[in-house]
Amino acid sequence: MQKTQQRGHSRRGPGGYVVLEPDVGAGKNREFKLGYSDLDRLKAYLNRYAITFGLFQDNTFHDRLFPFGTVPRVIGPWEFDTLEKGLRQRVHALNLFLHDIYHERKVLRDKIVPEEFVFACPAYLPEVYGVRPPANVYAHLSGIDLVQASDGTWFILEDNLRVPSGASYPLIAREAYHTVCPGLISDMPVRESRDYPQMLGRVMDDVNPGGISVVLSPGRFNAAFFEHSYLAEKMGVPLVFGNDLEVDGEYVYFKDVGGHRERVGAVYRRLSDEYLDPMVFEPDSIIGVPNLMSVYRKGNVAIINAVGNGIADDKGIYYFVPALIKYYLGEEAILRNAPTYLPFFERDRNHVLQNLHRLVIKDVAEAGGYGVVFGSMLSADKRRLLADAIRAEPRRFIGQEVVEFRSLQVFDQHKVVRRRADLRAYVLHGKDISVWPSGLTRYAMDRGSMIVNSSQGGGFKDTWVLSL
Amino acid sequence: MGLISLRTANQLYWLGRYVQRALDLLHRLYETHGNETAPVGLRFEEFCECLGIESEFANRDAFLQSLFFEKENSYSILFSLTTAYENAVFLRNTIGHEGFAYLRLAFNTLESLRVVNFYDVKPVIDYLYAFWGSLDECADRRVRAMVRWGKWVEIRDLAGRFEDSDDKLEKAVGQLQENLHVLEVAEHLNVAQALDREGGIDFTNELFTTIYRP
């Protein structure tokens with residue numbers, strides 16, 4: 001076989017291959033590579049199972065195949081070790097913050113976080129003030145978004161403590177790698193990640209006050225319906241819709257077709273707080289379970305993630321997370337936030353307004369990559385309008401330095417191109433806090449683009465964490 | 001034994017019916033119009049009459065094109081597989097993602113075809129049999145019984161429409177009765193009543209006359 005001229009380069013042509021980066025084989029005097037034919041097989045494998053992520057365009061639902069970038073992201077063991085420590089620390093602090101906000105509120109009295117940032121936030125739910133979730137766990141499953149700058153530094157971009165999606169995609173992709181190229185995975189060697197459903201199942205068992213566990217889906221036309229279905233199958237629990245459950249007295253039950261019913265102790269819900277219980281939140285919701293909240297308040301059902309978590313992953317609160325880590329744990333944050341400014345504070349507001357041309361501005365009420373504006377891409381008129389909006393509603397925005405994050409290899413149309421990519425890491429919190437040794441790497445479809453969100457057409461990769 | 005909601009039971013039943021409708025009609029079309037010596041049995045006008053649809057087709061080719069690919073024809077193979085697939089999307093966790101994949105392959109293969117060629121359709125039949133096999137391997141026995149219930153109701157329905165032999169009708173009834181050993185009568189009743197509500201038909205009576213017909 002013809003040898004490549006330089007390590008890390010790919011050979012083109014029908015017998016071509018991609019040398020995986022980082023070049024972890026260099027020290028072992030060998031290359032770890034994936035042939036083009038295997039990359040094609042991997043794509044075909046996922047097509048076979050209809051791995052979809054729905055998109056709403058022009059008010060129409062399109063259940064499209066989720067673009068699969070078959071070249072995996074590789075993270076070395078030492079690097080992941082640091083990520084793991086930092087992520088556990090962060091989720092630990094956020095869990096304590098959630099308990100505090102819905103109980104003692106010491107963090108407000110000690111002025112670590114201004115009250116306005118809590119009480120003006122729509123995700124703060126007074127309905128759960130004083131409610132202690134089973135085992136006192138709020139953030140059972142957190143999806144923490146990170147990017148790696150070109151110098152290798154990792155930055156946290158966003159915390160997702162409500163209904164973070166995406167783990168099933170690298171999970172099924174890993175099945176594909178084990179089928180198509182099992183030798184490569186064992187040679188490198190890559191840490192096992194296919195036990196994610198069991199990890200999640202254990203978290204549910206840890207907090208379950210009695211009864212079966214279920215996955216509660218809003219329905220077929222949810223963007224991540226594939227994931228709801230796949231995880232339910234792999235966890236061996238029923239996938240239910242709201243009208244499959246009923247509350248009777250102190251408990252919630254699953255109604256079996258045979259006429260009997262089973263008590264439900266843990267609900268991995270994939271719908272937002274406002275649709276969970278029409279008797280408490282959105283009265284027109286037909287996808288929730290009437291009176292579910294009354295059972296939750298009594299501690300007779302665990303809701304995963306806890307109701308009211310949105311206050312902790314609000315983009316405004318993000319600014320304060322390093323301070324929260326210091327406050328609750330007495331430690332410095334291991335992982336850094338992207339440099340962020342809060343226009344709410346006069347000094348930061350002036351900085352943002354003076355540097356609008358080079359900052360990225362985010363609307364705290366938006367998610368999924370929406371409401372993100374790069375100042376450098378705005379016309380002078382639009383920049384003026386944005387400045388006016390920031391002056392009028394400073395609490396609504398944050399400003400961030402643009403992190404030039406790393407581009408990864410993507411196999412596209414039989415050639416390797418580079419696209420910017422982030423990483424969603426999954427942190428599970430039951431009796432213990434653990435980090436799934438994989439993650440959803442999302443990449444931008446277009447060259448130079450920094451929008452990697454699945455809801456805006458981005459693709460995904462598996463994330464390989466090496467054990468040696 | 002796994003838990004099954006009423007909604008899921010309903011969808012399993014219809015999944016079984018539509019998969020079997022596609023498979024049964026593919027066989028019947030092949031037997032009657034699948035080679036040069038055909039039709040050995042029914043002309044296409046008679047085939048339409050059995051199904052209770054208008055036989056307004058200009059010729060046999062137009063009839064076959066409609067029976068295979070017309071999305072608005074509720075007896076077309078494509079309609080059956082589309083509806084079966086839509087049900088399967090809801091049921092992926094219940095029937096297993098391998099079973100789901102075979103159904104998807106059958107659907108995709110048929111959808112990729114433009115003209116009727118019985119050789120090209122063979123893989124569709126293969127995938128549908130693989131689906132039934134996968135169901136036996138992977139699914140919970142109550143789930144299997146629900147889907148099979150739909151399957152044998154469809155076989156019995158088509159056998160009646162095409163005036164098949166008494167042996168075939170008896171076999172279908174026998175299979176439906178066998179399912180009663182797996183599913184409690186109450187479950188059949190619950191699903192039947194749910195179908196009555198959704199479909200506006202008196203399915204509960206139909207169920208019992210089907211199973212307990214003298």
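Mentor: We will go through the hairpins, the cavity and some salt bridges.

Trainee: What kind of model is this, and which pLDDT is needed?
Mentor: It is a predicted model, where local features need pLDDT of at least 70, side-chain atom pairs count only at pLDDT 80 or more, and totals for chains, interfaces and linings use all residues. Residues are numbered from 1 along each chain as its sequence is written, chains are lettered from A and ligands numbered from 1 in the order in which they are written, and side-chain values use heavy atoms, leaving out hydrogens and water.

Trainee: How many bridges join strand 10 to strand 11 in chain A?
Mentor: Four, and the two strands, residues 245-248 and 251-255, run antiparallel. Strands are DSSP runs of E, at least two residues, and helices are runs of H or I, at least four, numbered from the N terminus; two strands pair if DSSP finds at least two bridges between them.

Trainee: What sits in the turn of that hairpin?
Mentor: Two residues lie between strand 10 and strand 11 of chain A, and A:Gly249 in the turn has a positive phi of about 65°.

Trainee: New topic. How much space lies in the largest cavity?
Mentor: About 50 Å³. A cavity is a set of points on a 1 Å grid over the protein atoms alone where a 1.4 Å probe fits but cannot get out, and lining residues have an atom within 4 Å of a point. Grid points are joined across faces, edges and corners, and the volume is the space filled by probe spheres set on the points.

Trainee: Which strand gives the largest share of the lining?
Mentor: Strand 7 of chain A, with three residues. Among the lining residues are A:Leu157, A:Asp313 and A:Lys362.

Trainee: Salt bridges next. How many are there over all chains?
Mentor: The search finds 38, each a side-chain nitrogen of Lys or Arg within 4 Å of a carboxyl oxygen of Asp or Glu.

Trainee: How far apart are the closest N and O atoms of B:Asp164 and B:Arg28?
Mentor: 2.6 Å. B:Asp164 is in the loop between helix 7 and helix 8 of chain B and B:Arg28 is in helix 1, 136 residues apart.

Trainee: Are they buried or exposed?
Mentor: Both B:Asp164 and B:Arg28 are buried; buried means under 20% relative accessible area, exposed over 50%, partly exposed in between, with a 1.4 Å probe and protein chains only.

How values were computed:
On a 1 Å grid over the protein atoms alone, a cavity is a set of points where a 1.4 Å probe fits but cannot get out, and a pocket is an open set with protein on both sides within 12 Å along at least five of seven lines; lining residues have an atom within 4 Å of a point.
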